[in-house]
Amino acid sequence: METMQITESNTVISSTQLLEHWQGHRKLTRKMIEAFPEDKLFSYAIGGMRPFAELVMEMIDLAGGGIEGAATGEWPQMENSSHITRNIPASKEEILNQWDKVTVRLNLLWPHITPARFQEMDKAFGQYEGTIFSTLLYFIDNEVHHRGQGYVYLRSLGITPPPFWERW
């Protein structure tokens, strides 16, 4: 059996495919936000976890600030983020508007991340050192994790959440 030599030129997923993958997760998370009753979005929590609105603001802060940092090398300070300062919008509509603005920003800035930049080491938000691609994967993982908490919340409220496989 012949063994393939792995080199830097082997590509498993393109930059465009990675963005499409992330945006698929974001579409599903948006459906989750929409599924929450307005009052429960901001107040309902189980077992010491934060309400879903706070989790969503963390996702917005990571994606919005993260795409800026990944594309430009200029990272916002995490202590100014909405989920840290508890500057949470007052309505579901405002959260969805912020979500949609970040979605547009991702699409606009993503092409500025060069193939070499994906491999560069950087300190995300001045705190978290890693390659750009590992940091972006963390943002996706973080979203999936918090969306999972949202699934638990919705189910405990007797609400059937959107199917997890409907990301398109």
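A polar contact is a pair of N or O atoms within 3.5 Å, where within protein one atom must be able to donate a hydrogen and the other to accept it. The model shown in these views is predicted.

**Figure 1. Overview of the protein chain, with seven helices and two strands.** Read from the N terminus, the elements follow the order α-α-α-α-α-α-β-β-α. The protein chain has 168 residues, of which 43% count as buried. Taking contacts between residues at least 6 apart in sequence, 75% join residues at least 24 apart.

Figure 2. With residues up to four places away in sequence left out, R147 touches H25, L28, T29, M32, F52 and M59. H25, L28, T29 and M32 are listed among the buried residues of α1.

**Figure 3. Helix α1 and its buried residues.** Helix α1 covers residues 15-35. From first to last C-alpha, its 21 residues reach 31 Å, close to the 30 Å expected at 1.5 Å a residue. The buried residues of α1 are L18, L19, W22, Q23, G24, H25, R26, L28, T29, M32 and I33. The elements that cover them include α2, α3, α5, α6 and α7. One of the buried residues, R26, lies over the face of W99, at 4.0 Å from the ring centre.

Figure 4. W22 sits in helix α1, whereas W110 is in the loop between α5 (92-109) and α6 (115-119); the two are 88 residues apart, and the pair links distant parts of the chain. W22 has a relative accessible area of 1% and is buried. W110 is buried too, with a relative accessible area of 3%.

**Figure 5. Aromatic pair of Y44 and Y153.** This pair is edge-to-face, with 5.7 Å from centre to centre and 85° between the planes. Y44 lies in the loop between α2 and α3 (52-72) and Y153 in helix α7, so the pair ties together parts that are 109 residues apart in sequence. Y153 counts as buried because its relative accessibility is 0%, which is under the 20% limit.

**Figure 6. Aromatic cluster that includes W22 and W110.** W22, W75, W110, F118, F125, Y138 and F139 form one aromatic cluster. Among its members, F125 belongs to the hairpin of β1 and β2, where it takes a positive phi near 55°.

**Figure 7. Hairpin of β1 and β2.** Strand β1 (residues 121-124) and strand β2 (residues 128-131) run antiparallel and are joined by four bridges. D122 stands opposite G130 in β2. Three residues lie between the strands of the hairpin.

**Figure 8. T135 in helix α7.** T135 is buried, with a relative accessible area of 10%. Apart from its neighbours within four places in sequence, T135 is in contact with W75, A124 and G130. W75 is part of the aromatic cluster, while G130 is in β2, opposite D122.

**Figure 9. Length and end of helix α7.** Helix α7 spans residues 132-156. Its 25 residues should span 36 Å at 1.5 Å a residue, and the end C-alpha atoms are 37 Å apart, which agrees. Just after α7, G158 takes a positive phi of about 80°.

**Figure 10. S43 in helix α2 (residues 38-43).** A polar atom of the side chain of S43 lies 2.7 Å from the backbone oxygen of D39. S43 and A53 are ten residues apart in sequence, and their C-alpha atoms are 8.2 Å apart in space.

Conventions. Residues numbered from 1 in each chain as written. Predicted model: local features only at pLDDT ≥ 70, side-chain atom pairs only at ≥ 80, totals over all residues. Heavy atoms only, no water. Pairing = 2+ DSSP bridges. Buried < 20%, exposed > 50% of the residue type's maximum accessible area, 1.4 Å probe, protein only. Phe/Tyr/Trp six-rings, centres within 6.5 Å; stacked < 30°, edge-to-face > 60°. Lys NZ or Arg CZ within 6 Å of the ring centre and 35° of its normal. Contact = heavy atoms within 4.5 Å. Expected span 1.5 Å × (residues − 1).
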